[in-house]
Amino acid sequence: MRNLWGPQGLAGRRRMLFLLLLPLFCPALSEPIRYTIPEELARGSLVGNLAKDLGLGVRDLPTRNLRVSGEKKFFTVNTENGDLLVSDRIDREQICGKKSMCVLEFEMVAEKPLNFFHIAVVIQDVNDNPPTFSRNITELEISELALTGATFALESAQDSDVGVNSLQQYYLSPHPHFSLTQKENPDGSRYPELVVKAPLDREKQSCHHLVLTALDGGDPPLSGTTELRINVTDANDNPPIFKQDVYRVSIPENVPPGTTVLQVSATDLDEGVNSEITYSFYRTAQIFHLNSKSGEVTTLRTLDFEEIKKYSIVVEGRDGGGLAAQCTVEINIQDENDNSPEITFHSIVETILENAVPGTLIALIKIHDQDSGENGEVNCRLEGKVPFQIISSSKSSYKLVTDGSLDREQTPEYNVTITATDRGKPPLSSSTTITLHITDVNDNAPVFQQSAYLVHVPENNLPGASIAQVNASDPDLGPNGHVSYSIVASDLEPRALSSYVSVNAQSGVVFAQRAFDHEQLRAFELTLQARDQGSPALSANVSLRVLVGDRNDNAPRVLYPALGPDGSALFDTVPRAAQPGYLVTKVVAVDADSGHNAWLSYHVLQASEPGLFSLGLRTGEVRTARVLGERDAARQRLLVAVRDGGKPPLSATATLHLVFADSPQEVLPDLSDRLTPSDPQAELQFYLVVALALISVLFLLAVILAVALRLRRSSSPTTWGCFQPGLCTKTRPVVPPIYSEGTLPYSYNLCVAQAGKTEFNFLKCNEQLDSGQDILCGDSSGALFPLCSSVESTSHPETLTAVSSI
């Protein structure tokens with residue numbers, strides 16, 4: 001045989017075939033890529049450059065991992081240049097049998113991105129099978145009375161090749177009594193018949209030897225032979241005659257063994273033994289059984305349409321005289337829906353990112369049903385409600401893709417059941433389940449358990465103690481769900497923040513770095529952040545407000561009476577004619593604490609005359625309780641205790657020196673008696689104080705006189721309006737704001753007339769005093785004068801009556 005499929009001839013024919021088929025395949029890129037090769041090519045033979053035909057670059061081959069997908073792989077791909085090569089023996093007769101067209105279809109799978117391509121390789125027949133007879137020697141009995149022109153069917157030779165390489169001709173060796181003729185079956189196959197061309201005489205020659213040759217149409221042709229031994233029998237005038245030359249019947253597959261297929265029948269006009277017909281298969285059949293007496297054909301085993309679709313059997317009927325006749329029995333096997341679809345996965349992706357977009361390819365699915373017609377048509381579907389869908393890619397090929405959003409926190413994995421159902425009656429189906437795991441991505445920010453946190457911390461806490469704990473959860477996995485905490489903002493000074501609080505990055509516990517002081521810092525607010533470790537990281541903020549609670553850690557502090565320069569207590573004068581209830585002075589104290597801890601009460605611990613003065617429990621006002629008696633001493637001493645409302649309470653004491661006198665001159669002798677002559681420094685201080693007091697008195701008298709003259713000149717009645725209770729001028733407190741909560745329940749305002757004349761009055765105030773507006777003013781001598789306030793204490797409202805006017 002000429003080497004038509006050598007490297008040069010093969011390449012030339014491929015190029016010519018490609019040019020001829022290129023216009024046909026250009027508009028249909030979805031059709032399979034088709035190659036044509038002869039059978040029995042050596043392993044490693046080139047089929048075609050698959051990478052070029054698929055449009056893949058040679059550099060992309062290592063990453064695309066191009067490979068053949070199939071149960072039996074006859075081909076392989078060279079990963080260096082993309083050539084499709086033969087990897088196994090290809091025997092057309094074994095693969096396709098007697099089919100006129102033999103096509104091997106398979107898929108090529110490529111990754112990154114995942115896809116598959118359909119390849120069809122047409123296998124051309126090579127004349128590699130000669131015609132063969134089932135027997136090397138065929139014996140035939142012919143009566144000597146056989147007429148000239150009588151025909152006898154001979155065994156047909158079998159050739160596995162197809163087309164021109166199949167069986168074409170029969171030849172008979174030259175013989176004076178016999179010749180050969182050829183006939184065709186309905187399916188196009190040929191069979192030989194022996195023709196008697198001259199009378200036979202058993203007495204002259206009882207046995208004839210001939211050679212029957214079968215020749216195919218290959219180049220060069222192949223042949224097969226069998227020896228014919230013709231035994232001439234004694235006279236039997238009438239051969240059997242079948243009712244039909246060809247019997248045709250159709251039976252379904254899967255009928256049980258022993259099922260009757262049909263019954264052949266032949267008649268013989270002879271009598272006696274010569275008319276008794278015996279039936280037999282002309283060639284041994286291992287599928288069917290023939291009753292030699294009745295001609296009934298039955299099955300020996302189960303028939304399978306997928307294996308053989310049609311049987312053609314020659315039945316011979318022979319009478320007792322040796323004459324025989326043949327008929328052909330054609331049995332068509334009907335397909336039954338006896339094969340369930342088969343589901344095969346290619347390159348399945350079992351792990352999917354939860355942020356995968358709809359349409360992401362998950363797996364390539366191949367479904368095959370061995371049945372034909374509607375029994376082999378398959379529908380594929382997904383069971384249940386899952387965010388996936390099946391898309392038909394080509395005949396019997398499907399893609400499994402995503403069909404919705406995925407959320408690992410709600411569903412970490414899916415059990416996807418794929419069901420394939422054919423269209424047979426009844427339909428058959430098969431199912432397979434795969435588990436798809438959803439991989440976490442950082443799509444959830446940490447979430448705090450509370451929208452805001454409020455904690456109360458008592459002052460004087462231990463440094464380093466925990467004061468609060470925040471907790472945030474993140475449903476993500478691994479680093480995406482690992483939360484760390486930090487302080488990102490505060491209303492404290494940035495430099496001082498680290499000295500006040502800190503937070504544990506892992507547990508969210510907030511620690512105090514120092515002891516808090518309610519009097520310095522009553523509240524502050526932090527902004528805490530919880531951040532996960534994803535990429536990019538997600539975070540959430542929450543506010544934490546810390547309220548520093550008060551403790552009774554500050555004792556009351558007495559502001560008035562104040563001590564003199566030498567540390568001695570100053571004195572207050574009381575008119576001798578003072579009536580009961582006369583306001584002598586007021587003990588003024590403050591407490592740096594707040595609330596009940598700053599709620600002060602005043603108590604007399606010791607008094608020279610216990611019943612002479614009264615002390616306001618909450619106001620600290622010292623008033624006369626009765627008129628000064630003749631036996632009462634002019635100088636009185638009161639020891640006052642100021643207690644707060646804490647538990648346990650803290651206290652402070654103040655000593656009041658009260659002198660009954662109508663003028664300061666009466667007081668000076670008493671004061672001189674109190675001085676110590678041995679201390680010249682004390683005497684000098686005393687004279688300075690007295691001089692300062694006199695100067696102050698003279699200044700005040702001058703101011704009052706000027707105001708009085710100014711008022712006298714003015715006829716406007718509004719001039720005195722400033723002394724009305726509602727027109728008291730509010731002045732800013734000189735007491736620090738820290739002492740404004742509950743420590744000074746009363747305050748007084750100073751009213752100055754417009755004419756320049758100043759008068760001081762204790763005015764009647766009917767409104768409650770606001771503790772935040774209490775004021776104490778001091779003159780040059782160090783004495784404190786209470787001024788009128790427009791608001792009265794909420795705890796002890798009292799009405800003050802003007803006592804004197806200067």
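This is a predicted model: local features need pLDDT of at least 70, side-chain atom pairs count only at pLDDT 80 or more; totals for chains, interfaces and linings use all residues.

Me: Is the disulfide of Cys 96 and Cys 102 right-handed or left-handed, and why?
Reply: The torsion about the S-S bond of Cys 96 and Cys 102 is about 65°, so this disulfide is right-handed.

Me: Is Cys 96 buried or exposed?
Reply: Cys 96 is buried, because its relative accessible area is 12% and the cut-off for buried is under 20%. Cys 102 is buried as well, at 1% relative accessibility.

Me: What about Cys 207 and Cys 380, buried or partly exposed?
Reply: Cys 207 counts as partly exposed, because its relative accessibility is 24%. Cys 380 comes out at 16%, so it counts as buried.

Me: Let's zoom out. How many residues are in the chain, and what share is buried?
Reply: The chain has 806 residues, and buried ones make up 42% of them. As for the surface, the chain exposes about 42,600 Å², with carbon and sulfur atoms supplying 52% of that.

Me: How many helices and strands are there?
Reply: There are 7 helices and 51 strands in the chain.

Me: What share of the contacts comes from residues 24 or more positions apart?
Reply: Taking contacts with a separation of 6 or more, 68% are between residues 24 or more positions apart.

Me: Now the inside. How many residues does the largest nonpolar core have?
Reply: That core has 28 residues, and those with the most contacts inside it include Phe 448, Ile 467, Phe 516 and Leu 544. Among the elements giving two or more residues to this core are helix H5 (494-500), strand S36 (483-490) and strand S39 (523-532). S40 gives the most, with 5 residues.

Me: Where is Ser 539 found?
Reply: Ser 539 is in strand S40. With a relative accessible area of 32%, Ser 539 is partly exposed. Leaving aside neighbours within four places in sequence, Ser 539 is in contact with Ala 445, Pro 446, Gln 529, Ala 530 and Arg 531.

Me: How far is Ser 539 from Asp 474, going by the C-alpha atoms?
Reply: Those C-alpha atoms are separated by 9.9 Å, and the two residues are 65 apart along the chain.

Me: Switching to sheets. How do strands pair in general?
Reply: Strands of a sheet pair through backbone hydrogen bonds, either parallel or antiparallel.

Me: OK, what is the strand order in the open sheet with S2?
Reply: The order is S2-S5-S4, with antiparallel pairing. S2 (46-49) and S4 (75-77) are the edge strands, each pairing on one side only. The twist averages 25° from one strand to the next. S2 is joined to S5 (residues 83-86) by 3 bridges, and Gly 48 stands opposite Leu 84 in S5.

Me: And the sheet with S43, why are S43 and S46 at its edges?
Reply: This open sheet runs S43-S47-S46, again with antiparallel pairing. S43 (583-586) and S46 (613-615) each have a single partner strand, so one side of each is left without a neighbour in the sheet.

Me: Do S25 and S31 run parallel or antiparallel?
Reply: S25 (residues 351-353) and S31 (residues 429-439) run parallel, joined by 3 bridges. S30 (residues 413-422) runs antiparallel to S31, with 9 bridges between them. A hairpin joins S30 to S31 through 6 residues, and Thr 417 has Thr 433 in S31 as its bridge partner.

Definitions and conventions. Residues are numbered from 1 along each chain as its sequence is written. Side-chain values use heavy atoms; hydrogens and water are left out. A nonpolar core is a set of buried Ala, Val, Leu, Ile, Met, Phe, Trp, Tyr and Cys residues joined through side-chain atoms within 4.5 Å. Buried means under 20% relative accessible area, exposed over 50%, partly exposed in between (1.4 Å probe, protein chains only). Helices (H or I, at least four residues) and strands (E, at least two) are DSSP runs, numbered from the N terminus. Contact means heavy atoms within 4.5 Å. Accessible areas come from the Shrake-Rupley method with a 1.4 Å probe; for residues, only the protein chains shown count as cover. A disulfide is a pair of cysteine sulfur atoms within 2.5 Å. Two strands pair if DSSP finds at least two bridges between them. Axes are lines fitted to C-alpha atoms, for helices over the stretch in contact, and angles run from 0 to 180 degrees between N-to-C directions.
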